[in-house]
Amino acid sequence: MSPVSKPFLETLRGQARAVPPIWIMRQAGRYLPEYRALRLKARNFIDFCLTPELAIEATLQPIRRYGFDAAILFADILLIPHALGQSVAFLEGEGPKLEPIRDAAGLARLSDARAAEILSPVMESVRGIRASLPSETALIGFAGAPWTVATYMVEGAGGSDHTIIRRMAWQEPVLFDALIDRLVEATSAYLMAQVEAGAEALQIFDTWAGSVPAGLFERAVTGPTARIVAAVKAKHPDVPIIGFPRGAGGHLGPYARATGVDGIGVDHMCDIAFAATVVPPNVALQGNLDPVLVLDGGPVMEDEARRIVTAMKGRPFIFNLGHGVTPPTPPENVARLVAVVRGAN
Ligand code: 1CP
């Protein structure tokens with residue numbers, strides 16, 4: 001146990017603090033000029049993520065600028081399909097493109113034989129970040145949840161409709177469940193390796209949970225996430241885990257109870273006061289300022305941030321956005337947000 005208290009970790013252990021810890025999703029990335037400069041040093045985005053020197057520096061940039069309470073490992077949820085042998089490319093301005101998996105033959109081409117080796121630079125990054133962080137700053141490791149990663153693997157690209165994978169889930173349950181099982185296994189191993197390398201908390205990003213029909217929610221979201229949480233906690237019972245089932249407001253209570261997560265990321269479509277009524281009181285809430293408010297900054301952003309902090313008084317709570325900070329956001333607005341949340345009127 002670390003002798004220095006880390007507000008972010010204390011909150012995930014159930015402590016309600018007068019001043020909430022703060023970090024923001026996508027805090028490292030394109031809205032920072034120093035990230036855009038660093039990004040030019042790698043030929044493509046996967047190489048960037050798998051070069052420890054670059055990933056360590058990208059992780060530390062927002063910590064130096066803002067002193068967030070937590071750093072998040074710089075990596076991407078699509079490193080898992082890459083490590084399983086699927087072709088993954090990030091095209092400039094177009095987002096990710098994958099060679100889609102649509103049948104048993106496609107699934108059979110995945111192999112975890114080399115996954116740990118391909119992902120080993122990530123563990124080197126985790127060790128390097130841990131060695132460089134201020135003593136009060138926690139390090140979050142992460143992965144995509146099986147459903148969200150599977151949407152990219154099956155659809156072959158981003159997007160929000162997810163018709164192909166939804167049809168697969170309904171019409172070809174054996175194939176769908178087998179893909180999800182592969183991801184549960186690979187993701188559990190990947191997250192455990194991050195903890196062993198020095199990650200102090202984990203976040204499971206289910207960015208596309210909101211496109212899952214209610215009748216599939218347990219099979220696609222809650223069940224697979226619960227299995228990952230159980231696998232990680234069997235080996236590392238003390239590592240706190242945050243689940244972020246974006247767009248799944250109506251399922252937050254059952255999701256929190258069935259998965260056993262220590263914290264719930266709440267998106268900005270969901271009223272965080274409602275989340276507080278359905279999520280057990282010992283489970284921390286994290287969120288949920290609308291990222292567009294940080295584009296303009298000013299009194300509207302500040303009032304809404306204060307409203308959220310006030311609504312969460314007395315509850316274990318971590319301030320964050322409802323989704324990632326967007327690339328055109330002026331960095332000085334983020335600095336102001338941090339000051340407001342920490343109480344500098
Ligand atoms: O060249 C570039 O700079 C590419 C932009 C970029 C960045 C900075 C991508 C491509 N990924 C990342 C880093 C990243 N991705 C981090 C670490 C940085 C940080 O948070 O500080 C994390 C945690 C992620 C996670 C991630 N990747 C998610 C889940 C979180 C979320 O925002 O919903 C998802 C869905 C992805 C997929 C992804 N990676 C990148 C793109 C363009 C996309 C597609 C997004 C989409 O489909 O809309």
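## Exercise 1: A hairpin

Phe-90 stands opposite Pro-96 in strand E3. Your task: find which strand pairs with E3, and how many bridges join them.

Before you start, note that this is a predicted model, where local features need pLDDT of at least 70, side-chain atom pairs count only at pLDDT 80 or more, and totals for chains, interfaces and linings use all residues. Residues are numbered from 1 along each chain as its sequence is written, and side-chain values use heavy atoms, with hydrogens and water left out.

Step 1. Get the labels clear: helices (H or I, at least four residues) and strands (E, at least two) are DSSP runs, numbered from the N terminus. Two strands pair if DSSP finds at least two bridges between them.

Step 2. Strand E2 (residues 88-91) is joined to E3 (residues 95-98) by four bridges, and the two run antiparallel.

Step 3. Look at the turn: three residues lie between E2 and E3 in this hairpin, and Gly-93 there has a positive phi of about 75°.

## Exercise 2: The open sheet

Your task: give the strand order of the open sheet of seven strands.

Step 1. Trace the order, which is E1-E4-E5-E6-E7-E8-E9, with parallel pairing.

Step 2. Find the edges: strand E1 (70-72) and E9 each pair on one side only.

Step 3. Zoom in on one pair: E4 (residues 138-144) and E5 (residues 201-206) run parallel and are joined by five bridges. Here Gly-144 stands opposite Phe-205 in E5.

## Exercise 3: Helix H12 and its partners

Your task: describe how helix H12 (residues 217-235) packs with helix H11 (residues 173-197).

Step 1. Take the geometry: the angle is about 30° and the axes are 9 Å apart. Axes are lines fitted to C-alpha atoms, for helices over the stretch in contact, and angles run from 0 to 180 degrees between N-to-C directions.

Step 2. Pick out the contacts (heavy atoms within 4.5 Å). Among them, Phe-176, Ile-180 and Val-184 are on the H11 side, and Ala-220, Ile-228 and Val-232 are on the H12 side.

Step 3. Sort the residues of this contact: 11 are nonpolar, two polar and six charged. In this sorting, Ala, Val, Leu, Ile, Met, Phe, Trp, Tyr, Cys and Pro count as nonpolar, Asp, Glu, Lys and Arg as charged, and the others, Gly among them, as polar.

Step 4. Turn to helix H13 (residues 252-259): its axis and that of H12 come within 8 Å and cross at roughly 35°. The residues of the contact of H12 with H13 divide into seven nonpolar, three polar and no charged.
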